[in-house]
Amino acid sequence: MNRRQKVVALAVVCASAVVLLSFWGSLHFSGMRAREVEQLRLQRVADNAMARASKSFDEIGTALESVASLTMRPCSDEHIALMRQSTLEARGVAEIDYFEDGKLKCSSWGMAEKGRSISLDKPEFTTRGGVDVNTRTPPSAGKGMGKPMLGLFKDKHRVLVDPAHLADIIADPDVQVAVATAGGAMLGSQNAPNAELVGRLVRDKGNDRAIASADKMQAAVARKGELATVGLAPESSMRKQLRNEQLYILPFGFLLAAVAISLLVWLTRSRLSLQGEMAQALKKREFIVHYQPLVRLQDGVCVGAEALIRWPRPDGTMMRPDYFIPQAEESGLIEPITDQLVETVVREMRELLLAQPQLHIAINVCASDIQTGRLLDVLARALDGSGIAVSQIWLEATERGFIDVAAARQALERARAMGFSVAIDDFGTGYSSLAYLQNLPVDALKIDKSFIDTIGGETVTSSVTSHIIAMAQTLQLEIIAEGVETPQQADYLRARGVDYGQGWLFSRALPPVEFIAYCGQHAVRESGASRAAARA
Ligand code: G
Ligand code: G
Ligand code: MN
């Protein structure tokens, strides 16, 4: 697989991940939304049922009170008429009974049938208001014969209520409604909810969701005084709701995925196009080299330069190397780019280097070249017959190249055996500086600009700088300070015996002709004596 295919494959993998993620995300989100919408729907049912049931209970209470406060003779025509009247006034009240000594004596229907003794059942529970409640009371007579009723007994009177009436609200056909006591006993219902489940839901406050979902249901509970109402629906109807939600949300998921993918495509193409442009630039020999002077701190004499690649763009700007070098390293184009740089350096600097054998040019070596030593053969071939001494080429290697220390050491040893000098570039910014320093065959350290920047400050790193200097001196390495910008920094470095400096204080990276001129201006000054001798 070539680099281009790798980039495309990576983009495809990323795109698939984005699509899956946005689908999963929108499904998850719509799932949550659907559950919430369903919960609201059921809560509304429970609240409506509560309003309805509370009203019914108020009416029942009123009916019980009006018959309890009777003053006429029990089971007189007047009394029976009053019971009938109350039955009519309270909706849902099917019958009012009057008991004496636990036996039905008369009801809103009239006198109890002779010979058929109806006794009062033991109450299932008693409300706080002192009403005995039986949820399954057979009616004594009249309509609804046989269908169990809710019996509410207080002070000799009993009110029979149609349980369906209590929960008789308008609700969706898939919704079950239950009216229960605060203790969980079901009093009335619609669509036959499971009474046992209703009981648990009402009793176990705060756990409704878990309890309901264990029964594959979703539920909402409303509570008020001695009443509790429950709205219930099977989870399957939530799923129907979910599909509705997804219908709305999935397009957003699609849109999100589409945006992400186009972004990815755009990024991929711009990366691929940068690689393509670099390959083109290589072919058209668009890369040029600038030379940043290396200066002896003691006397300001130029001892050489670091060769730095530059990429002039058609619009007149310079493409920054810290932007394209990493991508060139990634795509492998760095190797041919370096080869072209070597060729250029040899061509442009040959005359200067031949004339002044004490000068050197430092070349940045990318990580892969440090691992393989490939560049050494390229250099050997380029220098061969040029007259330039191998010792006039320095190699700068960053710590990124030392990941495989054994391979790096082998290449560096070979480089030194061939006569090149080796410097560690950007020293101090890597991770294991000290550990391998002693073991790597190097000649010089280039202290990273970030340490030079701290000179004059009181920070911890500023003391690190002096330690790095001291350590390099112990190891008898030459030291080059990078990014020297102020005379104070130069003074500090000079005072500590640092050999060389590189930075804007001395010069920026220069085109070849300007660098050659700089060298001329910063050459070793002939002493007055030798100049006089020459004149004579
Ligand atoms: O000069 P400056 O802004 O150009 O350099 C930016 C970075 O690019 C520096 O870290 C420098 O080491 C790196 N660089 C410049 N030229 C080359 C080169 O020819 N090869 C490699 N590998 N890196 C280079
Ligand atoms: O290969 P290396 O990372 O050493 O490259 C040196 C980098 O530092 C280049 O980008 C170069 O332009 C930059 N540089 C060199 N001297 C100075 C300086 O004095 N100040 C600043 N800010 N940058 C510098
Ligand atoms: Mn460098």
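Predicted model: local features only at pLDDT ≥ 70, side-chain atom pairs only at ≥ 80, totals over all residues.
## Largest pocket

The largest pocket has a volume of about 1,300 Å³. Its lining comprises 37 residues, and those closest to the pocket centre are Glu-306, Leu-308, Arg-310, Pro-321 and Asp-322. Strands and helices both take part: β13 (302-312), β14 (318-319), β15 (360-365) and β17 (421-427), together with α7 (321-331) and α8 (334-355), are the elements that give two or more residues to this lining.

Sorted by class, the lining of the largest pocket holds 16 nonpolar, 14 charged and 7 polar residues.

## Second largest pocket

For the second largest pocket, the computed volume is about 520 Å³. A set of 24 residues lines this pocket, with Phe-57, Gly-61, Thr-127, Val-131 and Glu-226 closest to its centre. Two or more lining residues come from each of α1 (3-68), β4 (125-126) and β6 (149-154). Among the contributing elements, α1 gives the most, with 9 residues.

The class composition of the second largest pocket is 11 nonpolar, 7 polar and 6 charged residues.

## Cavities

The count of cavities of 30 Å³ or more is 3. The largest cavity contains about 90 Å³ of space. Its lining consists of Val-365, Asp-369, Ile-370, Gly-373, Arg-374, Leu-375, Leu-376, Leu-395, Ala-397, Ala-411, Leu-412 and Ala-415. By class, 9 residues of the lining are nonpolar, 1 is polar and 2 are charged.

The second largest cavity contains about 60 Å³ of space. Leu-120, Asp-121, Pro-123, Asp-132, Asn-134, Thr-137, Gly-151, Phe-153 and Arg-158 form its lining. Both β5 (132-137) and β6 supply at least two residues to this lining, and β5 gives the most, with 3 residues. The lining of the second largest cavity divides into 3 nonpolar, 3 polar and 3 charged residues.

## Arg-158 beside the second largest cavity

Arg-158, one of the residues that line the second largest cavity, is placed in strand β7 (residues 157-161). Its relative accessibility is 4%, so Arg-158 counts as buried, the cut-off being under 20%.

Leaving aside residues up to four places away in sequence, Arg-158 touches Glu-95, Ile-96, Asp-97, Phe-99, Leu-120, Thr-137, Pro-138, Gly-151, Leu-152 and Phe-153. Leu-120, Thr-137, Gly-151 and Phe-153 are also among the residues that line the second largest cavity.

## Contact of helices α6 and α7

How do the axes of helix α6 (residues 235-283) and α7 cross? They come within 10 Å of each other, at a crossing angle of roughly 90°. Angles of 65 to 115 degrees count as roughly perpendicular, and α6 and α7 are therefore roughly perpendicular to each other.

On the α6 side, the contact is made by Arg-271, Leu-274, Gln-275 and Met-278, which meet Tyr-323, Phe-324, Gln-327, Ala-328, Glu-330 and Ser-331 in α7. The residues of this contact comprise 5 nonpolar, 3 polar and 2 charged. Helix α7 also gives two or more residues to the lining of the largest pocket.

## Ser-56 in helix α1

Ser-56 is placed in helix α1, the element that gives the most to the lining of the second largest pocket. With a relative accessible area of 4%, Ser-56 is buried. Not counting residues up to four places away in sequence, Ser-56 touches His-165 and Leu-166.

From C-alpha to C-alpha, Ser-56 and Arg-296 are 103 Å apart in space, and they are 240 residues apart in sequence.

## Residues with positive phi

Most residues other than glycine have a negative phi. Cys-75 has a positive value, near 65°. Cys-75 is found in the loop between α1 and α2 (77-89), and with a relative accessible area of 9% Cys-75 is buried.

Gln-476 likewise has a positive phi, of about 60°. Is Gln-476 buried or exposed? At 72% relative accessibility, Gln-476 counts as exposed. Gln-476 lies in the loop between α14 (460-474) and β19 (478-482).

How values were computed: Residues numbered from 1 in each chain as written. Chains lettered and ligands numbered in written order. Heavy atoms only, no water. 1 Å grid on protein atoms, 1.4 Å probe; cavity = no way out; pocket = protein on both sides within 12 Å on 5 of 7 lines; lining within 4 Å. Points joined across faces, edges and corners; volume = space filled by probe spheres on them. Helix = DSSP H or I, 4+ residues; strand = E, 2+ residues; numbered from the N terminus. Nonpolar A, V, L, I, M, F, W, Y, C, P; charged D, E, K, R; others polar. Axes fitted to C-alpha atoms, helices over the stretch in contact; angles between N-to-C directions. Parallel < 35°, antiparallel > 145°, perpendicular 65-115°, else oblique. Contact = heavy atoms within 4.5 Å. Buried < 20%, exposed > 50% of the residue type's maximum accessible area, 1.4 Å probe, protein only.
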